[in-house]
Amino acid sequence: MDSRIEELRRRVDEVDLELIRILNERARIVQELVAIKGEAGMPLFDPRREEEILRRVAERNEGPIYDTSMREIFELILHRIRDLEVQREEFR
Amino acid sequence: MSISEKSAAGVKTNVSTKNGMIQPGSFRVVAGPCTVESYDQFVASAKAVKQAGYEYVRGGAFKPRTSPYSFQGLGEEGLKILSEVSSELGLKAVTEVMDAEDIELVMEHAEIIQIGARNMANFSLLKRIGAAIAGTDHGVVLKRGFASTVEEWLLAAEYITKEGGENVVLCERGIRTFETSTRFTLDLSAVIVAKRLTDLPVIVDPSHAAGRRDLVIPLSKASVAAEADGLIVESHHEPQEALCDAEQALPVEGLMGLRETLRPFASAMGREVL
């Protein structure tokens with residue numbers, strides 16, 4: 001029993017590490033994108049594109065996480081990465 | 001200049017609206033009484049705005065009052081006084097619309113439509129206004145709901161721009177907090193955040209935020225420093241007699257001194273007070 005829990009926890013930890021790596025990869029791609037948008041004079045706030053992303057997230061979600069929960073998780077990811085960009089541009 | 005330095009996410013003193021309300025490198029002051037109470041009252045208050053050198057006068061005809069028994073504004077009669085006086089004095093008028101049925105009427109009498117904090121999330125009104133002002137020089141001052149996040153405020157503006165409305169100016173007017181020494185809490189960080197995220201100009205209403213006139217000038221100075229593009233302040237020729245928000249209106253001498261008080265702060269931010 002205990003060893004089975006240990007094993008599952010180890011797998012959860014591995015997935016978390018992978019999530020961290022992937023989220024930072026996403027942030028770096030957004031950084032490149034923001035630089036290009038800045039050059040083109042485009043604002044960071046783009047609710048149309050955001051909605052596209054969130055809709056696709058829900059569509060592609062196969063569960064067991066609810067579509068609405070997945071949307072919430074991604075909304076937070078999108079906004080936190082966007083916040084990072086707002087601050088990065090200011091203090092660089 | 002590197003890409004990041006000139007990114008859209010940086011500090012912007014160069015935002016503008018097509019109708020000239022907000023101009024690059026400027027700090028726009030809109031002043032006037034909370035409400036159009038009578039011809040004599042409004043002309044006296046508007047003359048003070050003109051004498052102080054400002055180009056935009058505010059004055060409410062439709063008033064969103066907390067109590068249905070409070071003075072609700074003069075309605076169409078108030079709009080007529082507003083447009084008559086402002087055109088006599090060569091001022092542009094800013095006034096609130098509360099009901100979608102009144103949009104065209106308000107547009108006949110005022111250049112700038114104000115959407116109050118209580119209507120910020122009235123999405124059908126936002127859409128109707130966006131469609132009504134599309135292709136015109138009419139502008140909108142969109143006040144932030146006093147319980148709304150910056151995200152919600154920006155999305156409210158998007159309802160207007162999506163319908164073709166241009167000349168949208170955001171207005172921070174204080175949010176509800178636990179603090180009771182001021183009427184609301186002026187959220188200057190929201191001004192900066194909104195400006196980092198969008199190219200929409202952001203102005204500040206220190207009068208409604210504070211609810212007391214002694215804070216209006218200090219908060220106005222702070223607004224300049226917080227990268228705001230302008231102010232909308234309440235002023236009255238006889239504040240003690242005002243039918244609405246008397247305790248927050250600047251008297252004539254306060255309004256006269258505002259420009260000189262703001263000048264060094266605006267200058268430090270690379271702006272000229274208009």
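## Two helices in chain B

Helix α1 (residues 39-51) of chain B packs against helix α2 (residues 76-89) of chain B with the axes 10 Å apart and an angle of about 35°. Axes here are lines fitted to C-alpha atoms, for helices over the stretch in contact, and angles run from 0 to 180 degrees between N-to-C directions. Helices (H or I, at least four residues) and strands (E, at least two) are DSSP runs, numbered from the N terminus. The crossing of α1(B) over α2(B) is right-handed; that label applies if the near helix is turned clockwise from the far one by less than a right angle, and left-handed if anticlockwise.

On the α1(B) side, the contact is made by B:Tyr39, B:Phe42, B:Val43, B:Ala46, B:Lys47 and B:Lys50. Facing them from α2(B) are B:Ile81, B:Leu82, B:Val85, B:Ser86 and B:Leu89. Contact means that the C-beta atoms of two residues, placed from the backbone, lie within 7 Å. An α-helix has 3.6 residues a turn, so residues three or four places apart point the same way.

Residues are numbered from 1 along each chain as its sequence is written, while chains are lettered from A and ligands numbered from 1 in the order in which they are written. As for pLDDT, it is the predictor's confidence in each residue, from 0 to 100.

Chain A has a mean pLDDT of 91, with 95% of its residues at 70 or more. Within chain A, helix α2 (residues 47-60) has the highest confidence, at 95, and helix α3 (residues 67-91) the lowest, at a mean of 86. Chain B has a mean of 92, and 96% of its residues reach 70 or more. Watch residues 1-10 of chain B, though: their pLDDT is below 50, and the stretch has 30 contacts in the model beyond near neighbours in sequence. Where pLDDT is low, the predicted coordinates should not be read in detail. For the complex, the predictor gives an ipTM of 0.76 and a pTM of 0.89.

The contact uses B:Ile217, B:Ser220, B:Lys221, B:Val224 and B:Ala225 from α8(B). From α9(B) come B:Gly254, B:Leu258, B:Thr261, B:Leu262, B:Phe265 and B:Ala266. This crossing of α8(B) past α9(B) is right-handed.

α1(A) is hardly covered, with 2 buried residues among its 38. Buried means 20 or more other C-beta atoms within 10 Å of a residue's own, exposed means 12 or fewer, and partly exposed is in between, with C-beta atoms placed from the backbone.

A:Arg10, in this helix, is exposed because it has 10 other C-beta atoms within 10 Å. A:Ala27, also in α1 of chain A, has 16 such neighbours and so counts as partly exposed. Leaving out residues up to four places away in sequence, A:Ala27 touches A:Ile81 and A:Leu84.

Just after α1(A), A:Gly41 takes a positive phi of about 70°. A:Pro64, in the loop between α2 and α3 of chain A, is joined to A:Gly63 by a cis peptide bond with omega about 10°.

In chain B, two residues other than glycine have positive phi: B:Asn167, near 55°, and B:Glu227, near 75°. B:Asn167 sits in the loop between α5 (150-162) and β6 (168-172) of chain B and is buried, with 25 other C-beta atoms within 10 Å. B:Glu227 lies in the loop between α8 and β8 (230-234) of chain B and is partly exposed, with 19.

Technical notes:
Predicted model: local features only at pLDDT ≥ 70, side-chain atom pairs only at ≥ 80, totals over all residues.
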